[in-house]
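Please read the following model with attention to its aromatic rings and to one of its pockets.

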Amino acid sequence: MTDQTRTTPDDPAEALLTQAYAVAPADLDRLRRRLAHDAERDGVLDVAIRTVDSPVGALLLAATVAGVVRIAFSSEGFDAVQGDLAERVSPRVLVAPRRLDAATRQLGDYFEGRRRHFEVPLDWRLATGYRGEVLHHLATDVPYGVTASYAALAARTSSPRAVRAVGTACATNPLPLLVPCHRVVRSDGSAGRYRGGPDAKALLLALESRV
């Protein structure tokens, strides 16, 4: 995977940074790193974000000090995702790639077929209540290369008949890939919905079928 945090001359946010700090566009990456370092040093880097490329398209990664809190696909709209993070987690959201180095490396290894388990801390605050219960079961009970039906996953929870609610939990999973909702399929074997779209789900299932 490659890091896609790059200077884009037509981005209004980039223009504001260049004006506020009187720097040339070519120096923006260095400015971002300094701002992120200062924010982390001062304890005000609540949500670090990073954008990377992957076989399923660009991904937005976000992490708090507790762990990765969000992974988003480009189809979700990264601006909208950042706005949601600002509202639900903290308004102090900053491009700070270093906090997400381990997650980026492990995702890269996963896509290259060298990793079957992730070992990065997760912040579960965006997955609460029954949805959180479903996703915790998904993270521990459905291993790499295995699929489970929505009904089978529901049977492991406190509401074993809540198949539709399980589908909603998977469709709104804030931590796709790390919490593998792509492994949940319909009882007839068809793929079902996926936050990253049907092509992404098919690619991930094909990747894991090579075991």
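The dialogue below takes up ring pairs and then a pocket.

Q: What kind of model is this, and how are its residues numbered?

A: This is a predicted model, in which local features need pLDDT of at least 70, side-chain atom pairs count only at pLDDT 80 or more, and totals for chains, interfaces and linings use all residues. Residues are numbered from 1 along each chain as its sequence is written, and side-chain values use heavy atoms, with hydrogens and water left out.

Q: How many aromatic pairs does a search of the whole structure find?

A: Rings of Phe, Tyr and Trp (its six-membered ring) pair if their centres lie within 6.5 Å, and planes under 30 degrees apart count as stacked, over 60 as edge-to-face and the rest as tilted. The search finds four such pairs; among them is the edge-to-face pair of Tyr 110 and Phe 111, at 5.3 Å centre to centre with 65 degrees between the planes.

Q: Why is the pair of Tyr 110 and Tyr 144 edge-to-face?

A: The planes of Tyr 110 and Tyr 144 stand at 85 degrees, with ring centres 6.2 Å apart, so the pair counts as edge-to-face. Both Tyr 110 and Tyr 144 are buried, where buried means under 20% relative accessible area (1.4 Å probe, protein chains only). Ring pairs join Tyr 110, Phe 111, Phe 118 and Tyr 144 into a cluster.

Q: Which residues lie nearest the centre of the second largest pocket?

A: A pocket is, on a 1 Å grid over the protein atoms alone, an open set of points where a 1.4 Å probe fits, with protein on both sides within 12 Å along at least five of seven lines; lining residues have an atom within 4 Å of a point. Here 15 residues line the second largest pocket, and His 117, Phe 118, Ala 139, Leu 178 and Pro 180 lie nearest its centre.

Notes. Buried < 20%, exposed > 50% of the residue type's maximum accessible area, 1.4 Å probe, protein only.
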